[in-house]
Amino acid sequence: MKCSACSNPAVYSQKYNGRNLCKEHFVDLFEQLVKDTLFNINFVNERDRIAVALSGGKDSVSLLYVLHKILANKGIEIIAITVDEGIKGYREGTMKCARKICDTLEIDQEIVSYQEYFGFDLDRAVKEGIKPCSVCGVLRKKTLNMAAKRLGATKVATGHNLDDEVQSIMMNYLKGDMQRLIRLRPKHHRPGLVPRIKPLQRIPEKEVAIYSMIMEIFEESVECPYASQSLRSDIKIMMNRLEDQLPGIKHRTQYGHERLVELYGQRYPRINLSSCRICGEPCVGDACKACEISARIINRSSEIPGS
Ligand code: SF4
Ligand code: ZN
């Protein structure tokens, strides 16, 4: 199998567009796509200070690496924020990967934890009967936003890839939640919230994994023990099976969603945000979801003798 752009041996076949790529052209294309997203969708500019949400998994490690490669010589500052959710047997390994890439690239890393921000970790929340992924998502968003503000970041970059985006679209679609489906769109600047960007949003998960292997920046891949409990995990399996049968279906799902947002975006205007009466962070209503969850967990724990 030869590369479609030169005569070198291909290392990867992009079935969704019938293209075979050698190492060099694969990397070129990957980085070009990230650049396009950064400058034409995320509107990154030289005044930015970008905080990368670095879990230590292959997506965030690749994101930090490629952003450093593209942005460092433009004088755009990059820092890394690692959130320790407190998941025993899983976080230790990814924390090590996160540390290693920051050392290699000489990027400052800030480590923050749910324990420090909320007074409990995710394992304890699960023991209290809370569903892990939905709670984890809420707490992570708040933790990242607070840490990014403290560090003076102008944008938070997350490692969400095409597969993650398509899973979110399908989750809201299958739940019949049109509001959330349409609100999955690039967010405008809102007071108190550091804008979030997803520079890998157009790249399939498989290609992010290949990039990390070619660049030799990521060795082990451990899955969070709670991942299989989520609807997202079922949708991931379904979409991977469909992509095998109908190459390009993930890209078309994303494209279809962008058209939906164009057509129906006006029907779902942005919600006005207030300040949480407990923590002061931006929220919808009286208190933010993270504070509501915290109160539930702390109250339940206090009802159990000896906890
Ligand atoms: Fe959190 Fe769920 Fe991700 Fe695990 S899989 S880190 S519980 S969101
Ligand atoms: Zn709050």
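Okay, let's start with α2, where K58, D59, S60, V61, S62, L63, L64, Y65, V66, L67, I70 and L71 are buried; buried means under 20% relative accessible area, exposed is over 50%, and partly exposed is in between, using a 1.4 Å probe and protein chains only. Before I go on: this is a predicted model, where local features need pLDDT of at least 70, side-chain atom pairs count only at pLDDT 80 or more, and totals for chains, interfaces and linings use all residues. Residues are numbered from 1 along each chain as its sequence is written, chains are lettered from A and ligands numbered from 1 in the order in which they are written, and side-chain values use heavy atoms, with hydrogens and water left out.

Back to α2, then. Helix α2 covers residues 58-71, and 12 of its 14 residues are buried. Helices here are DSSP runs of H or I with at least four residues, strands are E runs of at least two, and both are numbered from the N terminus. From first C-alpha to last, α2 reaches 20 Å, close to the 20 Å expected at 1.5 Å a residue, the expected span being 1.5 Å times one less than the number of residues.

Which residues touch the most other members of the largest nonpolar core? Those are F30, V34, L64, L67 and L71, out of 38 residues. A core like this is a set of buried Ala, Val, Leu, Ile, Met, Phe, Trp, Tyr and Cys residues joined through side-chain atoms within 4.5 Å. Its largest share, eight residues, comes from α2.

Now the ligand. Around ligand 1 we have I87, L122, C133, C136, R140, C224, Y226 and A227, counting residues with a heavy atom within 4 Å. Helix α6 (residues 132-150) gives the most to that shell, with three residues.

Next, the second largest pocket, at about 360 Å³. A pocket here is an open set of points on a 1 Å grid over the protein atoms alone, where a 1.4 Å probe fits, with protein on both sides within 12 Å along at least five of seven lines; lining residues have an atom within 4 Å of a point. There are 16 lining residues, with Y12, K206, E243, D244 and K250 nearest the centre.

Last one: L184 sits in the loop between α8 (178-183) and β7 (196-197). Buried or partly exposed? L184 is partly exposed, at 30% relative accessible area. Its C-alpha is 33 Å from that of K100, 84 residues apart along the chain.

Definitions and conventions
Points joined across faces, edges and corners; volume = space filled by probe spheres on them.
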